[in-house]
Amino acid sequence: MAALSGGGRVSIDAAKGLTGAQRAGVLMLSLGDKVSARIWKMLDDDEIRQLSIAMSQLGTIGAEVVEGLLMEFIGRLSSAGGLMGNFDATERLLSQFMPTERVALLMEEIRGPAGRNMWEKLSNVQEQVLANYLKNEYPQTVAVVLSKIKPEHAGRVLAILPEEFALDVVGRMLKMEAIQKDVLERIEQTLRTEFMSNLSQTSRRDSHEAMAEIFNSFDRQTETRFLTALEEQSRDSAERIKNLMFTFDDLAKLDSGSAQTLVRQIEKDKLAVALKGATQTMRDFFLKQMSTRASKMLQDDMQALGPMRLKDVDEAQAILVNLAKDLAAKGEIMISKNRADDELVF
């Protein structure tokens with residue numbers, strides 16, 4: 001940490017004495033409970049046991065070792081080659097110690113666009129790519145697909161489809177009744193085998209997107225240290241990551257309806273702490289979303305807090321950002337990096 005805070009380079013050599021399991025253990029501990037929980041769920045019993053043993057025997061790990069490991073990890077993800085040679089090699093490796101069904105599900109998640117199910121995956125496929133595929137399908141099938149994905153994404157796809165075909169699809173969507181489960185399953189299976197599998201051969205998630213999510217989980221000081229160090233190694237990668245990150249300040253770009261929904265959902269004491277360390281612009285933005293009485297009460301609460309630790313402010317702001325992402329994933333609000341067309345889908 002001293003190297004980063006002083007503007008020097010982090011030494012990756014400091015971590016060379018650790019085994020693979022120990023390196024993984026340090027990274028898991030560094031990511032924190034919320035982020036690492038998603039990784040734990042993807043491990044089998046033997047992997048969990050091996051990693052747990054390694055973590056329990058780590059002892060005290062110096063800050064320079066942690067920083068070195070994380071910078072090495074960031075450097076590999078930011079490089080053109082990535083961490084994995086290819087999908088086939090990864091699948092063969094996983095098949096040696098995981099059930100076939102679990103390997104298939106995991107590889108589908110790795111290969112396809114980010115999302116927890118088929119419809120969320122389709123909502124992350126570029127509209128032009130999806131429209132090019134759907135225009136060759138039956139209008140009724142297209143109507144089902146568009147009725148299942150996010151409305152804003154469906155609208156962009158409809159706008160690209162041939163007009164006569166699109167109007168036919170709209171008419172069928174208006175008349176659509178409850179879709180039988182077996183029909184829906186057949187469509188999902190067709191999309192999985194004919195579309196998503198082919199898509200995964202030609203596209204993969206940008207490693208900078210994954211790294212931006214990790215940087216989003218950092219507190220403000222850690223984020224600054226790593227971005228500063230990364231800029232020395234690769235300014236382009238650092239800029240791409242910064243552009244992809246969704247931060248507390250990006251909440252000011254919410255439309256009024258989304259902002260008011262967020263304010264209603266957040267605990268008022270957390271909001272007070274988050275705004276205590278915010279800029280006046282951010283304070284004014286959130287106060288405008290509240291009634292005069294509620295705004296006055298919140299300002300009184302902020303004054304009553306007194307001096308606050310930066311760590312506590314960062315945690316409260318992170319809670320607000322994560323809540324916004326959760327609400328966006330449920331379709332209750334829409335968040336964007338700018339007010340134009342760059343909607344972020346989580």
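Helices here are DSSP runs of H or I with at least four residues, strands are E runs of at least two, and both are numbered from the N terminus. A word on the ground rules before the views: this is a predicted model, where local features need pLDDT of at least 70, side-chain atom pairs count only at pLDDT 80 or more, and totals for chains, interfaces and linings use all residues. Residues are numbered from 1 along each chain as its sequence is written, and side-chain values use heavy atoms, with hydrogens and water left out.

View 1. Of its 346 residues, 38% count as buried, meaning under 20% relative accessible area with a 1.4 Å probe and protein chains only; exposed is over 50%, and partly exposed lies in between. The chain exposes about 19,600 Å², with carbon and sulfur atoms supplying 52% of that area (Shrake-Rupley method, 1.4 Å probe). Take the contacts (heavy atoms within 4.5 Å) between residues at least 6 apart in sequence: 72% of them join residues at least 24 apart.

**View 2. Here is the largest nonpolar core, with 31 residues.** Such a core is a set of buried Ala, Val, Leu, Ile, Met, Phe, Trp, Tyr and Cys residues joined through side-chain atoms within 4.5 Å. Phe248, Leu251, Leu262 and Phe286 touch the most other members. Helices α16 (256-265), α17 (268-276), α18 (280-288), α19 (292-305) and α20 (310-329) each supply at least two residues of this core, and α20 gives the largest share, eight residues. Apart from this core lies another, of 24 residues, among them Trp119, Leu122, Val142 and Leu161.

**View 3. Now zoom in on Phe286 and its contacts.** Leaving aside neighbours within four places in sequence, Phe286 is in contact with Phe248, Leu251, Leu262, Val263, Leu271, Leu275 and Leu320. In soluble globular proteins, nonpolar side chains tend to be buried together.

**View 4. The lining of the largest cavity includes Leu31, Leu70 and Phe73.** Ile74, Met211, Ile214 and Phe218 are also among the lining residues; α4 (63-78) and α13 (207-216) each supply at least two, and the largest share, three residues, comes from α4. The volume of this cavity is about 30 Å³. A cavity is a set of points on a 1 Å grid over the protein atoms alone where a 1.4 Å probe fits but cannot get out, and lining residues have an atom within 4 Å of a point. Grid points are joined across faces, edges and corners, and the volume is the space filled by probe spheres set on them.

**View 5. Thr19 sits in the loop between α1 (2-5) and α2 (20-40).** Thr19 counts as partly exposed because its relative accessibility is 43%.

Technical notes:
1 Å grid on protein atoms, 1.4 Å probe; cavity = no way out; pocket = protein on both sides within 12 Å on 5 of 7 lines; lining within 4 Å.
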